[in-house]
Amino acid sequence: MVDDAIGPVASDPDTTRRYLALIAAATDRLMGADDPARMIEALFELIRDELRLDLFFNFRRDADDIRLEACGGLSPAQRRAMADLDIAGSLCARAMRERRVLHLTDIQHSDDPAAAFVRSIGVKAYLCMPLFYGEQLLGTLSFGRRAAGPFTDEEQRLLSLLCHYVSLAKHRLRIEQALREGIETQTRLLDELNHRVRNALQVAIGLVTNEVRAAADPRTRAALGRAAERLQVLASAHRPLYATAEPGLVDLAALFGDVIGQLRGDEAPPEIAAPDAIAVPIERAVAAALLLDTMLEAQIGVPRIHMTTRQIDGNEMLRISFDGVGWERGVDLVGTDRLVARLCHQLRATLTSEGSGCLILVMPHDGGEHRHGPAV
């Protein structure tokens, strides 16, 4: 599947440009996702108009158990009817058993019993794609059309590539969930997480980088280039170099230094001061590193960074200051950049300015709730 995804997405230049823009936007959403169901819902909303989609189903597979994890485009009555669906006899179960993509057309005139439910809700064309992480089958993601015709080869190619990214995101979320639930083999799973996710992200970086080379439109090329840089930030957080003595924690100051080095390698090494070791869970380190990466894109120079921790209203808070020309304008990004807003929400962080050239980021360091207020 990876080899197939490397070639051109579409033969028509305009279609290719639109598809590559969708891939870049989808990468942004998937890399910051923390809920598997909402992640697929957001992806569907992003691509439904371009691909003339009316509905989707996302089934999750755990060993022999198959269950619906997310769906969209159904009426309340149709959602209730889903409760009576014979999953074992459905199209998704067939796709899992046969481990292949199913593309059904003219369903309204089909007597296939596995298509009975989608036929009953008016679907004419249906594409069901298994989700794989390596050889591991994670489930299926399928899309239906009630009015439009069959899926073209180009549309299937795009959806195949997006499903590859979905599989990477779902695998990451599954491992993180297992860790939160206190798996006894935590250290082994963390090593596996870092190794597997790092390798998977390198594959994704290669795919996006290849699409950058193929893109003729400068704006599309720039957007895909930024997506590749952000994937590289994710990969950096999983490097053993930044691990701490406690499993699952990352040295945030060292990670910040690497992110700046990747983007501004031709400039002097950054000044990062952290009187105390700042170790944060890897999922928060990823979000903080992506936030720094996005802010660096909007600024001229590399800031001086100072990290401290303090108690505020009974919670241990992490305060990070960024000092540099124009950095006080980073506050405006919360209202103008959706990725910055999502990352601040995920970190429960606030951005404030403190005079000319100074930006302050405050977020919980112990998992406590952040009471919004002025910079401290």
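Mentor: pLDDT is the predictor's confidence in each residue, on a scale from 0 to 100. This is a predicted model, in which local features need pLDDT of at least 70, side-chain atom pairs count only at pLDDT 80 or more, and totals for chains, interfaces and linings use all residues. Residues are numbered from 1 along each chain as its sequence is written, and side-chain values use heavy atoms, with hydrogens and water left out.

Trainee: Where in the chain is confidence lowest, and where is it highest?

Mentor: Helices (H or I, at least four residues) and strands (E, at least two) are DSSP runs, numbered from the N terminus. Confidence is lowest in helix α1 (residues 2-5), with a mean of 40, and highest in strand β3 (residues 102-104), at 97. Where pLDDT is low, the predicted coordinates should not be read in detail. The chain average is 83, and 83% of the residues score at least 70.

Trainee: How many aromatic pairs does the structure hold?

Mentor: A pair of aromatic rings is described by the distance of the centres and the angle of the planes. Rings of Phe, Tyr and Trp (its six-membered ring) pair if their centres lie within 6.5 Å; planes under 30 degrees apart count as stacked, over 60 as edge-to-face and the rest as tilted. The structure holds 4 such pairs. One of them, Phe44 with Phe56, is tilted, at 4.8 Å centre to centre and 40° between the planes.

Trainee: Which parts does the pair of Phe44 and Phe56 tie together?

Mentor: Phe44 lies in helix α3 (residues 36-51) and Phe56 in strand β1 (residues 55-62), so the pair ties together parts 12 residues apart in sequence. Buried means under 20% relative accessible area, exposed over 50%, partly exposed in between (1.4 Å probe, protein chains only). Phe44 is buried at 2%, and Phe56 is buried at 1%.

Trainee: How should I read the nonpolar cores?

Mentor: In soluble globular proteins, nonpolar side chains tend to be buried together. A nonpolar core is a set of buried Ala, Val, Leu, Ile, Met, Phe, Trp, Tyr and Cys residues joined through side-chain atoms within 4.5 Å. Here the largest has 87 residues, and Ile47, Leu252 and Phe322 have the most contacts inside it. Its largest share, 11 residues, comes from helix α11 (residues 282-298). Apart from it lies another core, of 22 residues, including Phe57 and Tyr126.
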